[in-house]
Structures are given as C-alpha cells and as structure tokens.
Amino acid sequence: GRCHTENDEDSKAIVCMMRSIERDPYSPETLLALGVAYVNELDHERAVETLKSWVANHPLYAGMDMAGALKEEEDLYGSGEDHDFDEGARRGMGE
C-alpha cells in the first residue's frame with residue numbers, strides 16, 4: 001500500500017491496505033494511511049469512520065470520548081459548529 005500511496009495511486013493503495021486491515025484491524029499506521037487514502041479519493045464517510053478507528057486504536061488517544069467529534073455529515077463541510085478537540089490536543093502534546 002505504501003508504494004501505491006507514494007505514487008498517488010490511492011485506489012490501489014486502498015485495496016492493499018484493506019488486506020492489511022483484515023490481518024490486523026487495529027494497526028494505527030494502516031488505519032491512518034487508509035483514512036488519508038479515502039480522503040484523497042473523496043470518500044469522506046469511509047475516511048471519517050477509518051480515522052475514528054485510528055483514534056480509538058492509537059496508544060495516545062485510546063479511550064478518548066469521540067461521541068461528539070462529528071455528529072452529522074454536514075459538519076464535514078463547515079456547518080459553523082465548533083467541536084472541542086482540546087483533550088486530543090493535550091494528549092498529543094504529552095499533557
């Protein structure tokens with residue numbers, strides 16, 4: 001998948017990463033790369049779900065409450081509603 005990603009072949013990368021996820025569904029590296037590939041392919045729904053899974057399985061962010069992160073799809077397109085990601089930012093900065 002990495003080779004395809006580096007060559008901007010995201011649809012091929014997605015196929016490879018899905019195989020990897022079948023073997024290890026909790027791999028933070030693969031989940032992040034897959035989420036980014038979905039973003040690049042404009043598949044926002046799968047991107048959000050995959051990136052939520054990345055957050056849930058990442059050692060720094062595991063256990064973080066994601067319930068209010070994105071409540072509706074319209075939030076992806078800037079509904080004007082602000083979301084509080086302070087907890088995630090604090091964890092990323094080692095606080």
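Predicted model: local features only at pLDDT ≥ 70, side-chain atom pairs only at ≥ 80, totals over all residues.
Residues are numbered from 1 along each chain as its sequence is written, and side-chain values use heavy atoms, with hydrogens and water left out.

The chain has five helices and zero strands, where helices (H or I, at least four residues) and strands (E, at least two) are DSSP runs, numbered from the N terminus. Of the 95 residues in the chain, 26% are buried; here buried means under 20% relative accessible area, exposed means over 50%, and partly exposed lies in between, with a 1.4 Å probe and protein chains only. Among contacts between residues at least 6 apart in sequence, 31% join residues at least 24 apart.

Let me turn to the helix pairs. Two packed helices are described by the angle between their axes and the distance between the axes. Axes are lines fitted to C-alpha atoms, for helices over the stretch in contact, and angles run from 0 to 180 degrees between N-to-C directions.

The axes of helix 2 and helix 3 come within 9 Å and cross at roughly 150 degrees, and the two helices are therefore roughly antiparallel to each other, a label given to angles over 145 degrees, with under 35 roughly parallel, 65 to 115 roughly perpendicular and the rest oblique. The crossing of helix 2 and helix 3 is left-handed, meaning that the near helix is turned anticlockwise from the far one by less than a right angle, whereas clockwise would be right-handed. Helix 2 brings Asp 10, Ile 14, Met 17, Met 18, Ser 20 and Ile 21 to this contact, and helix 3 brings Thr 30, Leu 31, Ala 33, Leu 34, Ala 37, Tyr 38 and Asn 40.

Helix 3, residues 28–40, also meets helix 4, residues 44–57, with axes that come within 8 Å and cross at roughly 160 degrees. Helix 3 and helix 4 are therefore roughly antiparallel as well, and their crossing is left-handed. On the helix 3 side the contact includes Leu 34, Gly 35 and Tyr 38, and on the helix 4 side it includes Thr 50, Ser 53 and Trp 54. Ser 53, in helix 4, is partly exposed, with a relative accessible area of 24%, and its C-alpha atom is separated by 9.2 Å from that of Gly 35, 18 residues away along the chain.

What, then, makes up the largest nonpolar core? A nonpolar core is a set of buried Ala, Val, Leu, Ile, Met, Phe, Trp, Tyr and Cys residues joined through side-chain atoms within 4.5 Å. The largest one has 13 residues, and those with the most contacts inside it are Ile 14, Met 17, Leu 34, Tyr 38, Trp 54 and Val 55. Helix 2 (10–23), helix 3 and helix 4 each supply at least two residues of this core.

Two residues remain to be mentioned. Val 36, found in helix 3, counts as partly exposed at 40% relative accessibility, and its C-alpha lies 9.6 Å from that of Val 48, twelve residues apart in sequence. Leu 42 sits in the loop between helix 3 and helix 4 and is exposed, with a relative accessible area of 63%. Its phi is near 60 degrees, a positive value in a residue other than glycine; most residues other than glycine have a negative phi.

Note on methods: Contact = heavy atoms within 4.5 Å.
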